[in-house]
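Me: I would like to go through the labels used for this model and ask what each one rests on. Please set the values against the cut-offs.

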Amino acid sequence: MGTPQLTNCPKCGKLFLRIRNICDVCYKKQEDDFLKAAAYLRDHTGITLQELSEATDVSVTQIRQFIWAGRILVDNFPNLSYPCESCRNMIQKGRKCSSCMDTLNRLANQVGIKEENEKRDPSQERDGIAGGYISHYLKEKSEK
């Protein structure tokens, strides 16, 4: 990992020696929040995300981060869902629902194909004409 760097904590803004992504104080609070949420979930398996947040005083955002990190496994908690970041449909895994991911993948493929076509250097394409692009250009110009 190398030498720890001096940086600001993204949660509280305090200056700290970076050995993880957040300072020790915020890390301790995050771990305490996780333990509170996990303990409450053990006894209340049918709870929703909002109810869990209100009962434990752990923010909805923090609980979602626990889910995204795989620390809370939603398979055992059928009502523990949150909105897709794009369409707001309720989901239990990831940040976007499968429909939005399909749309994004289709768009990414289209953009990738378009960028690939734009990257082609016309001077390298011969189109069956001796001399390549310049000969083709000169031929077109002389025909006008």
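Me: Why is Leu-17 called exposed?
Reply: The relative accessible area of Leu-17 is 51%, and exposed means over 50%, with buried under 20% and partly exposed in between (1.4 Å probe, protein chains only); therefore Leu-17 counts as exposed. The model is predicted, so local features need pLDDT of at least 70 and side-chain atom pairs pLDDT 80 or more, while totals for chains, interfaces and linings use all residues. Residues are numbered from 1 along each chain as its sequence is written, and side-chain values use heavy atoms, without hydrogens and water.

Me: Where is Leu-17 found, and what does Leu-17 form with Leu-6 and Leu-15?
Reply: Leu-17 is in strand E2, residues 15–18; a strand is a DSSP run of E with at least two residues, a helix one of H or I with at least four, both numbered from the N terminus. With Leu-6 and Leu-15, Leu-17 forms a nonpolar patch on the surface, about 340 Å² of accessible area together. Such a patch joins nonpolar side chains (Val, Leu, Ile, Met, Phe, Trp, Tyr) within 5 Å, in residues with over 30% relative accessible area and no salt bridge; like charges are joined within 9 Å. A salt bridge puts a side-chain nitrogen of Lys or Arg within 4 Å of a carboxyl oxygen of Asp or Glu. Areas come from the Shrake-Rupley method with a 1.4 Å probe, and for residues only the protein chains shown count as cover.

Me: How do you know that the buried residues of H2 line one face of the helix?
Reply: The buried residues of H2 (residues 49–56) are Leu-49, Leu-52, Ser-53 and Thr-56. Down the axis of H2 they fall within an arc of 100 degrees, so they line one face; the arc is taken from the directions from the helix axis to the C-beta atoms.

Me: What do the buried residues of H2 pack against?
Reply: They pack against helix H1 (24–43), helix H3 (60–68) and strand E3 (82–83), where contact means heavy atoms within 4.5 Å. Leaving aside neighbours within four places in sequence, Leu-52 is in contact with Ala-37, Tyr-40, Leu-41, Ile-47, Ile-63 and Leu-80. For H3, the buried residues are Gln-62, Ile-63, Arg-64, Phe-66 and Ile-67, and their cover includes H1, H2 and E3.

Me: What makes a set of residues a nonpolar core?
Reply: Its members are buried Ala, Val, Leu, Ile, Met, Phe, Trp, Tyr and Cys residues joined through side-chain atoms within 4.5 Å. The largest has 20 residues, and among those touching the most other members are Leu-41, Leu-49, Leu-52 and Ile-63. H1, H2 and H3 each supply at least two residues of this core, and H1 gives the most, with four. A second, separate core of five residues includes Cys-9, Phe-16, Ile-22 and Cys-23.

Me: What makes the phi of Asp-57 worth a remark?
Reply: Most residues other than glycine have a negative phi. Asp-57 is not a glycine, yet has a positive phi of about 60 degrees. Asp-57 is in the loop between H2 and H3 and, at 62% relative accessible area, is exposed.

Me: Which loop holds Arg-88, and why is Arg-88 called exposed?
Reply: Arg-88 is in the loop between E3 and strand E4 (90–91). Its relative accessibility is 51%, so Arg-88 counts as exposed. Arg-88 also has a positive phi, about 75 degrees, although not a glycine.
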